[in-house]
Amino acid sequence: MKKTIQTVNQVNAPLDKVWAKVGPGTNMDKWMPIIATCSVEGNKRVCTTPEGATLFETIEADSENKIFKYTIDKQDFMPISDIVGTITLKENGNATTMHWDVDFDISEENEPAFPEIKQNIEGIYQMAAVSLAEFANA
């Protein structure tokens with residue numbers, strides 16, 4: 001079953017500084033609370049969590065429109081699949097509005113876990129906005 005989670009958070013840093021940290025796809029371990037390591041080679045990114053789960057991703061950045069998209073090709077972290085995330089950044093005075101949406105499939109047997117998954121993702125993205133502001137302003 002296809003699901004979408006849409007979030008909007010403010011990043012208290014200017015758009016250009018935020019895009020400089022998000023756009024390359026590197027250093028995600030510096031601002032995403034659930035990422036311990038991050039490496040990028042070409043358009044492939046590999047991230048690990050503190051618990052040792054690994055996410056293999058394909059990334060794509062649109063610098064002109066400040067859109068960063070990733071597809072999680074393989075992961076052993078969550079009971080979901082076919083994950084596509086999109087981060088869209090918009091200038092908001094001296095801050096940045098971050099729209100972070102994620103689409104994924106969840107099996108019927110895991111459907112009862114959706115409210116908890118949604119709450120966790122929303123919380124993680126909110127924490128990421130705070131950490132991203134600190135990292136962008138450093």
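Guide: Before we turn to the strands, one definition is needed: two strands pair if DSSP finds at least two bridges between them. Please keep in mind that this is a predicted model.

Visitor: In β5, which residue is the bridge partner of T58?

Guide: Strand β4 (residues 54-62) runs antiparallel to strand β5 (residues 67-75), and eight bridges join the two. Four residues lie between these strands in their hairpin, where K66 takes a positive phi near 55°. Within this pairing, the bridge partner of T58 in β5 is T71.

Visitor: And which residue in β4 is the bridge partner of V46?

Guide: Strand β3 (residues 44-48) is also antiparallel to β4, with five bridges joining them. Their hairpin has five residues between the strands, and G52 in the turn has a positive phi of about 100°. In β4, the bridge partner of V46 is F56.

Visitor: How far apart are the end C-alpha atoms of helix α2?

Guide: Helix α2 covers residues 114-137, which is 24 residues. At 1.5 Å a residue, the helix should therefore span 34 Å, and this agrees with the distance between its end C-alpha atoms, 34 Å.

Visitor: What covers the buried residues of α2?

Guide: The buried residues of α2 include F114, I117, I121, I124 and Y125. An α-helix has 3.6 residues a turn, so residues three or four places apart point the same way. Among the elements covering the buried residues of α2 are β1 (2-11), α1 (15-22), β5 and β7 (95-105).

Key. Residues are numbered from 1 along each chain as its sequence is written. This is a predicted model: local features need pLDDT of at least 70, side-chain atom pairs count only at pLDDT 80 or more; totals for chains, interfaces and linings use all residues. Side-chain values use heavy atoms; hydrogens and water are left out. The expected span of a helix is 1.5 Å times one less than its number of residues. Buried means under 20% relative accessible area, exposed over 50%, partly exposed in between (1.4 Å probe, protein chains only). Contact means heavy atoms within 4.5 Å.
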